[in-house]
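A few residues are picked out along the way.

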Amino acid sequence: MDTEKDMSRRAFLKDSILAGGSLMLSGILPLKAGNYIMQERKTDYELNESDSILKGICDIHIHAAPDSRMRSVDEWHFAQEAQKAGYRAIMYKSNDFSCHDRAYLIRQGISDIEVFGSLCMNRVHGDRVNAYAAEKAVATSGGLCRCIWMPTLDAEYHYRCEGRKEKGIPVLDRSGQVLPEVIRVMEICAEADIIFATGHCSPQESIILARKASEIGVKRFVVTHANSHFWMMTSNQIRQCVDLGAYIEYCYLPCLWGENSGMPQYERQSTGTFADLVRVSSDRGFISTDLGQSVMPHPIAGMKQCIKDLDKAGFTTREINRLVRDNPAMLIGLND
């Protein structure tokens with residue numbers, strides 16, 4: 001290995017990131033989108049010094065630019081903001097692209113916060129769940145891919161719910177058995193000891209996947225969006241998944257969308273309903289904001305409001321810590 005050249009490359013990457021993330025953002029986002037993101041960041045959330053209510057937070061479902069959809073903040077600036085707010089860790093999610101590789105670069109220019117990425121099995125990787133893409137994600141420098149999500153926006157169930165004519169990406173065969181490529185991704189996640197997440201699968205599909213994951217030995221199996229829109233689960237379905245060893249993700253986003261929001265097409269979830277669902281599996285549940293949409297509140301503002309809502313709903317400090325700190329930290333491997 002040429003040590004001098006290697007150090008030179010590292011210095012270049014660090015200097016580029018410290019200069020404002022231009023290495024990652026320049027030439028990727030159109031000027032209009034870039035200006036909108038900067039404006040959104042300045043006006044939607046005024047960052048103060050570390051806030052005790054946010055100290056140690058681990059939000060492991062954040063959408064940020066660069067992406068194929070408009071986002072309110074980019075990955076580099078959000079990592080800075082989260083670090084200043086006192087977060088312990090963040091994990092980015094892009095429906096179309098890898099972000100664990102960019103997490104590796106971001107870490108060169110920031111300390112005192114853990115930054116991770118993940119990979120979604122959407123159409124950009126093919127018309128079927130792509131086990132090879134999962135293998136390469138896990139093998140990427142730094143070992144920062146801490147979650148492989150099953151199809152999200154391109155999931156067969158998602159397409160069906162939207163009434164789309166195209167065929168989405170399946171996770172089960174016609175007889176209801178887990179497809180071989182999905183089983184292989186489970187094995188990859190089990191071997192790497194990272195999260196296997198259900199993405200936008202149906203509640204019933206999630207139960208079937210949870211059963212198979214238990215057989216294979218996936219330790220960090222996550223049912224996502226358990227309180228959200230098409231994917232909302234009943235209390236009984238949540239308990240079935242927990243009994244099979246799953247962890248349950250509850251997203252705060254549904255408490256913010258709806259009438260008079262930037263996403264009025266969805267029905268807003270009351271904080272009471274949100275709290276009741278979280279209580280079903282508070283021991284094996286965790287909360288993500290699922291924020292980053294350009295028309296919605298800043299993810300840090302959302303997390304702060306979520307914690308206040310949990311407090312008002314009667315959750316104890318210990319329960320809140322488990323939901324927004326301890327369980328997500330464990331899932332991304334910080335407590336090993």
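In this predicted model, eight strands form an open sheet with parallel pairing, in the order β1-β2-β3-β4-β5-β6-β7-β8. Strands here are DSSP runs of E with at least two residues, helices are runs of H or I with at least four residues, and both are numbered from the N terminus. Two strands count as paired if DSSP finds at least two bridges between them. The edges are taken by β1 (58-62) and β8 (285-288); each has a single partner strand, so one side of each is left without a neighbour in the sheet. On average, neighbouring strands of this sheet are turned by 25 degrees against each other, direction ignored. Angles in general run from 0 to 180 degrees between N-to-C directions, with axes as lines fitted to C-alpha atoms, for helices over the stretch in contact.

Residues are numbered from 1 along each chain as its sequence is written. Local features need pLDDT of at least 70 and side-chain atom pairs count only at pLDDT 80 or more, while totals for chains, interfaces and linings use all residues; side-chain values use heavy atoms, with hydrogens and water left out.

V223 stands opposite I248 of β7. Helix α11 (residues 271-280) packs on the sheet and touches β7 and β8, its direction making about 170 degrees with that of β7. Contact means heavy atoms within 4.5 Å. Elsewhere, helix α8 (residues 180-192) lies across β4 (145-149) and β5 (195-197), and runs at about 150 degrees to β5.

The loop between β8 and α12 (299-312) contains H298. H298 is buried at a relative accessible area of 1%, where buried means under 20%, exposed over 50%, and partly exposed in between (1.4 Å probe, protein chains only). The side chain of H298 makes a polar contact of 2.7 Å with the side chain of E81. A polar contact is a pair of N or O atoms within 3.5 Å; within protein, one must be able to donate a hydrogen and the other to accept it, and residues adjacent in sequence count only if both atoms are side-chain atoms.

V295 is also found in the loop between β8 and α12, but V295 is partly exposed, with a relative accessible area of 43%. Leaving aside neighbours within four places in sequence, V295 is in contact with G262 and M263.

V73 sits in the loop between β1 and α4 (75-85) and is buried, at a relative accessible area of 0%. From V73 to P299 the C-alpha distance is 9.0 Å, across 226 residues of sequence.

Helix α13 (residues 317-331) has 15 residues and reaches 20 Å from its first C-alpha to its last, close to the 21 Å expected; the expected span is 1.5 Å times one less than the number of residues. A kink of about 45 degrees is centred on L323 in α13, the bend being the angle between axes fitted to the seven residues ending there and the seven starting there. Buried residues of α13 include L323, V324 and P328. Just after α13, G333 takes a positive phi of about 85 degrees.

Over the whole protein chain there are 13 helices and eight strands, and 54% of the 336 residues are buried.
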